[in-house]
Amino acid sequence: MIPPHALAGALTLLSLVSGQPHGGSPTHYELSAEMDGDRITALDVTIRLDADASGRTVIDWADQWAGEEHLGQWARDVSVEGARRTEAAPHGGRIVDSAPGAPLVMRYRIVSAQQAAPDVSNSRQPDPIVRPDWFYAVGFSLYAQPAGREALPATFAWRGPHGIGFASDAQHPQGLMHQPRTGKDIRESVAIGGRDLRVSTLRLGDDRLRVASIGHFGFDMSDFARLAEKVIASERAFWGDAHAGPFLITAVSLASAPKQTGFSGTGLGDAFATWIGQDTPLPDLAWFLAHEYFHSWNPRQLGHTEDATEARTYWISEGFTDFFARRLMLRAGLLSPEQFVEEWNEALARYARSPYRTSPNAVVADRFWKDERARMMPYQRGALLAAVWDRRLRQRSGGRTRLDDVLQDQRRRAQADPALGLQDALVAAAAHDGLDLRPDLSRYVDHAAPVLLPDDAFGECARVVSVDTPVFDRGWDTEATTRQGDVVTGLDPTSMAYAAGLREGMKLLSQSGGNPADPQVEITLVAQDASGQHRIRFRPVGRETVRLQHIALDAARFSARPEACRQALAG
């Protein structure tokens with residue numbers, strides 16, 4: 001799942017280079033559902049294009065997206081008409097030899113990545129899902145693309161069948177911010193359909209918002225659509241983009257255990273795709289929606305990113321997005337001050353206890369798609385740095401300049417120079433407002449010194465309180481234990497787990513309880529050795545301490561000046 005609520009995928013473009021495209025002619029994509037009686041069995045894709053001028057055309061999937069390195073694995077029966085000869089491309093597509101500029105037609109089927117409907121515990125954004133009565137897929141997995149044509153025109157058409165509802169942002173006549181639709185837009189799209197697809201349409205000024213959903217939720221989807229409308233309106237107002245173009249939100253209901261909630265999503269330019277646990281309450285989704293929609297600007301309009309090193313800038317693209325999602329939702333009244341503080345305090349606790357807290361950015365980037373704990377660090381570190389720099393800007397300028405202004409300037413710089421890197425654009429924009437970020441980048445990003453908020457980071461009506469607290473420590477090497485088939489490995493004889501009776505070489509049969517944000521929450525293990533099974537309870541309190549911060553609201557000040565305090569908290 002996208003941690004913890006959402007995140008945008010990392011895309012590495014196809015490295016195999018083909019010849020020059022044929023005259024910039026559009027690539028045409030068609031999608032339909034394959035039926036067996038009244039059952040949907042697969043998705044049929046047709047791609048029509050002119051061959052490259054060299055007569056050698058590579059049509060393939062990207063190297064990876066969202067941690068998935070085999071995006072073409074769900075394609076079956078791939079064929080190409082108009083080719084003299086084809087051979088397999090690296091990711092399941094085809095390398096096509098033909099006459100220069102010859103018309104080509106590529107066809108294939110996409111099958112489901114899972115045989116059962118996904119649930120809260122196993123939903124993955126790259127997985128195409130094809131069920132007898134509905135389907136869902138992102139363009140990264142659906143569509144192969146001709147190399148070198150990402151920025152060239154592309155069209156899309158849905159070809160039925162009758163009785164199957166359908167929605168995709170690929171249907172929009174133009175791309176994000178009314179830009180001409182390109183191959184990149186088709187790949188960065190989502191497709192959802194089914195017999196019971198529900199689509200709500202709301203107005204966004206001169207544009208429209210569509211919310212397309214499958215399944216049943218713990219709230220009315222019309223309320224979800226209205227919440228999304230408010231979120232989108234507030235963020236368009238922040239960026240001054242009242243006419244940013246049509247937008248699509250897809251929502252698939254996930255089965256979950258009783259009282260289990262969860263959601264994830266991915267931003268896709270002029271759409272975002274969400275998985276939502278069927279018992280998740282609507283108020284939990286405001287910040288999630290705000291985060292995903294903010295990706296329409298960050299990072300895609302704030303500076304260039306190199307695909308191979310994109311993860312190294314996630315502290316900006318994800319961390320700053322977290323910071324502004326909270327800030328803008330508080331300003332819009334979609335988060336209460338108490339909810340705003342709760343969101344922040346959860347992030348602060350997880351940051352303080354993260355094993356990657358002192359890991360340099362390069363290490364975190366390398367581990368991002370391999371370890372959930374590493375995946376969280378750019379969100380946490382980036383949001384903290386945003387808060388620190390925002391407070392410093394307001395303090396230096398007497399409240400006239402905020403991080404808001406830096407991002408607006410960053411966007412203008414990126415528009416003026418499309419080759420300007422995301423981090424370089426941020427540094428240049430901050431320098432314009434008198435803030436040199438380079439020492440902090442070296443200290444906190446490159447070398448991972450812990451980021452601590454100043455006491456007054458959120459204004460006069462809230463204080464950041466710091467306490468030294470024991471670290472969370474299970475007491476054994478969890479990764480080595482997993483590799484050994486859950487046989488306890490690397491047990492610390494001074495740990496609380498050892499004191500409670502756990503021993504090296506025991507087989508872990510089950511674990512329950514525990515909270516990485518609070519080592520005082522008891523863990524219960526069932527472990528087995530030669531003498532039988534043992535039930536072991538302990539608090540995972542480590543010997544070392546960590547500086548834990550949390551935000552405390554000043555109740556008296558809020559009671560006396562509620563609106564002024566809310567504005568101060570929201571920057």
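This report covers a sheet, a helix crossing and a cavity in a predicted model.

## The sheet

Four strands make up an open sheet, ordered E10-E11-E15-E14. Their pairing is antiparallel. Strand E10 (129–130) and strand E14 (165–168) sit at the edges, and each pairs on one side only.

E14 pairs with strand E15 (residues 190–194) through 4 bridges, in the antiparallel sense. Opposite Gly165 stands Gly194 of E15.

## The H9–H10 crossing

Helix H9 spans residues 372–397, and helix H10 spans residues 403–416. Their axes come within 8 Å and cross at roughly 105 degrees. Angles of 65 to 115 degrees count as roughly perpendicular, so H9 and H10 are roughly perpendicular to each other.

On the H9 side, the contact uses Ala386, Asp390 and Leu393. H10 meets them with Leu403, Asp404 and Val406. By class, the residues of this contact are 4 nonpolar and 2 charged, with no polar ones.

## The second largest cavity

The whole structure holds 4 cavities of 30 Å³ or more.

Helix H6 (319–331), H9 and helix H16 (562–569) each give its lining at least two residues. H9 supplies the largest share, 3 residues. The lining includes Phe323, Arg327, Phe340, Ala387, Asp390 and Arg394. Ala457, Phe458, Ala568, Leu569, Ala570 and Gly571 also line this cavity. The classes are 8 nonpolar, 1 polar and 3 charged residues.

Asp390 links two of these topics: this H9 residue takes part in the contact with H10, and Asp390 also lines the second largest cavity.

Definitions and conventions. Residues numbered from 1 in each chain as written. Predicted model: local features only at pLDDT ≥ 70, side-chain atom pairs only at ≥ 80, totals over all residues. Heavy atoms only, no water. Pairing = 2+ DSSP bridges. Axes fitted to C-alpha atoms, helices over the stretch in contact; angles between N-to-C directions. Parallel < 35°, antiparallel > 145°, perpendicular 65-115°, else oblique. Contact = heavy atoms within 4.5 Å. Nonpolar A, V, L, I, M, F, W, Y, C, P; charged D, E, K, R; others polar. 1 Å grid on protein atoms, 1.4 Å probe; cavity = no way out; pocket = protein on both sides within 12 Å on 5 of 7 lines; lining within 4 Å. Points joined across faces, edges and corners; volume = space filled by probe spheres on them.
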